[in-house]
Amino acid sequence: MFDTMRQRHVADLTGVIDGSERVGDLGDVTARVADAGDTAWRSLQPATTSSTEPWSDLQTRTSSRALYYAYERTVAMATALRTPGSALTGDPDLLVATIGVAEWLNTYRYNTTVAKDSDWWFWEIGIPMEVNDLTSLLYDDLSAAQRTRYLDAVARFTPTPKRTSANLVWGAYVVALRGVLAEQPAKIAEAVAAVRPALLDATTGDGFRPDGSLVSHERFAYTGGYGLSLLEIMSKLYHLVDGTQWESTDAAFLGFYDRVERSYGPAVWCGDLLADVRGREIARAGSTDGSGGVRALGAALRLADTAPADARRAVLSRAKQWAECSADSPAGVEAAGTRSDVVRARLLLADDTVAAATAGTGGSVALNGVDRFVSATEAFGFSVSMSSSRIGGFESINGENLNGWYTGSGMTSLRLGGGGQFDGGYWATANPYRVPGTTEDTMRRASAEGSRYASAETFAGSLATPDRAAGIAAMQYDAYRSNLSADKTWFAFDDEIVCVGVGIRSSAMSGYGWDGLPTRVETVIDNRRALDAATTVVVGGTAVAAGASVTKTTAWAAISGPGESVGYYFPSATSVTAQDETRSGTWAAINRETGTAQTVSARYLTLVTSHGRNPAGAAYQYVILPGATPAAAEAYSRDPGISTLERAAGHVAIYDRSSTTLGAVSFDGATDHPIAVDGMPLATWRGAGILAIQETAASFVVSVADPSRGAGGRIIVRLQRPVELPPLGDGLVRAQPTADGTELEFDPSGGDGATRSVTLTKISTPVFERIDDKDPRVVYAAEWKTTSSPEDHGGSIRYTSAGGASLSLTFTGSRISVETRLTTTAGINEVVIDGVVMGRFDGYAATPTYRQTVYRSPLLGPGEHTITVRRTGLNSAGSSGRNIILDSLLIERPPP
């Protein structure tokens, strides 16, 4: 059993897995494996004492990171040795060199007596994982004593799984694989049982949130960082114990397969793992959106190998979408995946029984657990990164992510085509003061400044409609070490994103900013890396030359080229500064730990609007049009698809015409906000939160969310349309009819900021025809009299006390009602329809009461009908007469 488990692990490391013989030539990926091993081998130097080093650039005596890299290189050599099909496969000299350096590392650097330094991750997780892989690859060429020494060192630093979330899973995997190699079944069982807490949802601390997002270090968004590592390691653990006595059938373990869709589906678009959820890892040169996407794909494919049938189909469906969309990317799995990744991806792409999932999970997703919002279609992926008192703006530790000041301050990210916009050295070269979507004070910032800042604002979150066709995000922004505050909103509809900021305020601004100009507040509309030389920025028809900038008041702009195009529309003519700039930087400037000093350069096209110094209630609004050329952006500006119903301090309301969807955000919970579309009242609402109303032919879908997680109180929506009362539930605590519609009261609290929705069925509005008492179509029998009053319909009524008196009307309609004036002299009358007595009504009242419906028929069949109202000669005890009185007859017909 242990040999089988070890051999399966080695097969995964070397790409000799089931199906590898059926996928064609693996020469390119095998060459990459060989090149990595050969590079490590050729740079290896003799090391026979503790004071010498196997690699001159790695000072393993003083740096645990360098020791980790030394083990990585040794594993690269061992992998090249064991991978079939390369010039290094089975090379005896390489084997000697690999075992030699493994012995040196164990003798002088990583053993049962050496003391670890403060970088615990390397000693307890990083290095032990490499030692386990190295021992697995060299197992048959090592003596029992050598294997024991290596594994005893692992046991010394990681005797048992501990810590939380991804760190717990890492440690458990170290213990499990060591248990396999040392043939210790109790350790395998201990490791498998230990990971369970990391698989469950948590509302505080590190771990998955109920919406699938993942928090690490208490308050940072890391679904694509620590969460990605968790996915990878869990896939390896499942793969290790699959089909053995340690395979778990616990619900938490089986439920982890769903994480591929729930947690990682929204975080990957077209093979790009969103920078929004990768935390400080964006500051690592080798950690790109593309490489993260390849890692996610590889982990999902490995996980699918062990999944039950239904879960396997779902995982493969999502993985296939990732693989297909990124198939031609230079950073795709063929170019950057492991040998096993390539084999599994080719097998999947050739499998016609697996249908690819919809791109980006098919629309808007609210990731309120980490203050993130994603809206994705087949054509584009859009995301917003926010922060609050719960989620930090950015993390900078260990000298990493030094200039990430604004990446959680309302940063927007738009990906088009094949992705790659935020790779190519983006984070090392882009202006860190001009992060897309943000509104900032141009003051200078120090490295890592504000990285642990906890905003006092609770209002940050998003709403996604039940069909994911629309989504809204909003945050109250409180800038670090600045008096700047702003209320920022984003409305994602079918093919446009509306960005609105209101209440932009600052005070006591002074001095000069990062650009040498007096400090001011500005909103960065976009800051895109040019994917090719032909890409240009155009503002209001004026193209900006390379190295130049243009400021112009305009209704539209565009950044367009062969690789991608984006249009921008400004509903109110806006002064926009457009810049074409080539920038250079180094990874060392943003990552002191691993960044290199080599200069990298990229060209950027930037759009900015200024709010000046010390703004008092400034605002902005622009619409992002993914895929729009300059011509399309200009055309949209002449016939926009959205209407701004309100843009004021405390409230923003936008209506999208093509989807008939209203989106609104209220930052003020105490004010009623009436909303009208095309002059017709739609709704009035109150409460601090987010509202969406979608109209279809048969219904309205009303959705609300509370970004402040309960602090905003209840949300009341008075929908001014005829609808049926809905059942209570999903946060709806009250529903009651009003004179012009229905009032809904939501309690959106619960701590998760989730969207609460209700569907209301429209009541078809019938066509009414009122037949006045003077209408000649009414046939009266006996003598009738007329009396006038402005309180009656038409200003009069007919009445009589004559015996045998009646009135008749022949009509077509589905219902008919009798309306009268109730008086002290009226009697009891009988209603007959089509010769059938339908009932009686009493026209008596102690005081005159006007325009009263005293009878309404049931639904009638199609065709012509006749109603007759007959005087019975009877009256109630209080009446002084027996009159029959007619004010009007009201015919109802179905809507046309």
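Is threonine 306 buried or exposed? In this predicted model, the residue has a relative accessibility of 9%, and because buried means under 20% relative accessible area, threonine 306 counts as buried. Threonine 306 is placed in the loop that joins helix H13 (289-304) to helix H14 (309-325), and its side chain reaches back to the backbone oxygen of leucine 303 at 3.0 Å. When residues up to four places away in sequence are set aside, threonine 306 touches Tyr238, His239, Asp242 and Tyr257.

The crossing in which H13 passes H14 is left-handed. On the H13 side the contact is made by Ala296, Leu297, Ala300, Leu301 and Ala304, and on the H14 side by Arg312, Val315, Leu316, Ala319, Trp322 and Ala323. Sorted by class, the residues of this contact comprise 10 nonpolar, no polar and one charged.

H2 contributes Val33, Ala34, Ala36, Gly37, Ala40 and Trp41 to the contact, while H3 contributes Arg73, Ala76, Met77, Thr79 and Ala80. By class, eight nonpolar, two polar and one charged residues take part in the contact of H2 with H3.

Helix H16 (residues 339-349) is mostly covered, with eight of its 11 residues buried, and the buried residues are Arg339, Ser340, Asp341, Val342, Val343, Arg344, Ala345 and Leu348. The elements that cover these buried residues of H16 include helix H1 (2-14), H2, helix H10 (226-241), H13, H14 and helix H15 (333-336).

Most residues other than glycine have a negative phi. Arginine 163, in contrast, has a phi near 70 degrees, a positive value in a residue other than glycine; arginine 163 is situated in the loop between helix H6 (144-157) and helix H7 (165-181), and its relative accessible area of 37% makes it partly exposed. Asparagine 398 likewise has a positive phi, near 55 degrees, and is a residue other than glycine. The loop that holds asparagine 398 runs between strand S8 (380-385) and strand S9 (411-416), and with a relative accessible area of 44% asparagine 398 is partly exposed.

The loop between S8 and S9 also contains glycine 404, which counts as buried at 2% relative accessibility. The C-alpha atom of glycine 404 is separated by 9.2 Å from that of tyrosine 433, although the two residues are 29 residues apart along the chain.

A further buried loop position is aspartate 773, which is found between strand S33 (767-772) and strand S34 (779-781) and which, at 0% relative accessibility, counts as buried. The side chain of aspartate 773 makes a polar contact of 3.3 Å with the side chain of serine 796. Apart from residues up to four places away in sequence, aspartate 773 touches Tyr780, His793, Ser796, Ile797, Arg798, Leu886, Asp887 and Ser888.

These local features belong to a chain of 896 residues, of which 58% are buried. The secondary structure of the chain comes to 18 helices and 44 strands, and its C-alpha trace spans about 130 × 65 × 45 Å along the principal axes. Of the contacts in the chain between residues at least 6 apart in sequence, 69% join residues that are at least 24 apart.

Conventions
Residues numbered from 1 in each chain as written. Predicted model: local features only at pLDDT ≥ 70, side-chain atom pairs only at ≥ 80, totals over all residues. Heavy atoms only, no water. Contact = heavy atoms within 4.5 Å. Helix = DSSP H or I, 4+ residues; strand = E, 2+ residues; numbered from the N terminus. Nonpolar A, V, L, I, M, F, W, Y, C, P; charged D, E, K, R; others polar. Buried < 20%, exposed > 50% of the residue type's maximum accessible area, 1.4 Å probe, protein only. Polar contact = N/O pair within 3.5 Å; in protein donor to acceptor, adjacent residues only side chain to side chain. Left-handed = near helix turned anticlockwise from the far one by under 90°.
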